[in-house]
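The following exercises ask for careful reading of a structural model, each with a worked solution. Please look at the chain and its coordinates before turning to the solutions.

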Amino acid sequence: RNINYKNDYFLTVSSCARYHNLINLLKSYNNYKKKFNIDIKYYLVLTVLDEKYFNEINSYLINKNLSKNVRIIFNVNSKYLYNLYKYAKAYVFSSYSETFGYTSLESMKMNCPVAISNHPSSKEINGNAALYFNPNNINDITNILRKITFNKKIINNLKKRGKKRVKNFSPKNHFNGLLKI
């Protein structure tokens with residue numbers, strides 16, 4: 001797949017659906033690159049559910065001259081996916097709504113700091129192991145990208161908390177919780 005893990009990059013693993021708010025995420029990434037003049041790539045691992053939205057994303061990338069910086073990756077084998085998490089600067093997820101998101105936990109397991117939308121289920125899943133942003137506010141997302149890239153203390157705390165948080169979702173803890181019910 002010719003994935004260069006040595007590049008600095010942000011990562012999002014998502015289905016391509018409008019409620020995942022990928023356009024606002026890319027607008028924030030574009031702001032971040034302009035504001036901080038940082039050479040950081042963006043890897044989007046996608047499963048296309050909404051072809052029209054996918055075409056809008058591609059048009060945005062072309063119109064903003066981001067095609068060389070944003071790489072869209074399809075059908076990734078799990079061994080490559082874990083490496084993508086492992087070497088990413090941060091995992092960023094901008095969904096408006098989720099029932100349960102495993103991708104942020106997978107990121108934490110691979111010691112990758114997480115930034116995610118501030119909707120209630122995200123907070124329930126990720127607790128204090130993620131930075132939260134308003135998915136409608138491009139400047140808020142841009143500021144979170146800055147924090148998760150430049151603030152070593154925040155990055156180290158997120159990594160420590162992430163390792164701890166992911167243990168709450170082990171099969172053993174899940175089984176014990178079911179037994180209690």
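This is a predicted model: local features need pLDDT of at least 70, side-chain atom pairs count only at pLDDT 80 or more; totals for chains, interfaces and linings use all residues.

**Exercise 1.** Determine whether lysine 163 is buried, partly exposed or exposed, and describe its surroundings.

*Solution.* Lysine 163 has a relative accessibility of 36% and therefore counts as partly exposed, where buried means under 20% relative accessible area, exposed over 50% and partly exposed in between, with a 1.4 Å probe and protein chains only. This lysine lies in helix 7; helices are DSSP runs of H or I with at least four residues, strands are runs of E with at least two, and both are numbered from the N terminus. Not counting residues up to four places away in sequence, lysine 163 touches Met108, Lys109 and Asn111, contact meaning heavy atoms within 4.5 Å. A polar atom of the lysine 163 side chain lies 2.8 Å from the backbone oxygen of lysine 109.

Residues are numbered from 1 along each chain as its sequence is written, and side-chain values use heavy atoms, with hydrogens and water left out.

**Exercise 2.** Find how the axes of helix 6 and helix 7 cross, and which residues make the contact.

*Solution.* The axes of helix 6 (residues 138–150) and helix 7 (residues 152–167) come within 6 Å and cross at roughly 85°, the axes being lines fitted to C-alpha atoms, for helices over the stretch in contact, and angles running from 0 to 180 degrees between N-to-C directions. The two helices, helix 6 and helix 7, are therefore roughly perpendicular to each other, a label for 65 to 115 degrees, whereas angles under 35 degrees count as roughly parallel, over 145 as roughly antiparallel and the rest as oblique. Helix 6 contributes Lys147, Ile148, Thr149 and Phe150, and helix 7 contributes Lys152, Ile154, Ile155 and Leu158.

**Exercise 3.** Work out the strand order of the sheet and which helices pack on it.

*Solution.* The six strands form an open sheet in the order 3-2-1-4-5-6, with parallel pairing; two strands pair if DSSP finds at least two bridges between them. At the edges are strand 3 (70–74) and strand 6 (131–133), each pairing on one side only, and the twist averages 25° from one strand to the next. Helix 2 (residues 51–63) packs on the sheet, where it touches strand 1 (9–16), strand 2 and strand 3, and its direction makes about 155° with that of strand 3. Helix 4 (residues 102–109) also packs on the sheet, touching strand 1, strand 4 and strand 5, with its direction at about 165° to that of strand 5.

**Exercise 4.** Locate asparagine 65 and asparagine 111, and state the phi of each.

*Solution.* Asparagine 65, although not a glycine, has a positive phi of about 55°, and its place is in the loop between helix 2 and strand 3. With 53% relative accessibility, asparagine 65 counts as exposed. Asparagine 111, likewise not a glycine, has a positive phi of about 65° and lies in the loop between helix 4 and strand 5. Asparagine 111, at 31% relative accessibility, counts as partly exposed.

Terms used. A polar contact is a pair of N or O atoms within 3.5 Å; within protein, one must be able to donate a hydrogen and the other to accept it, and residues adjacent in sequence count only if both atoms are side-chain atoms.
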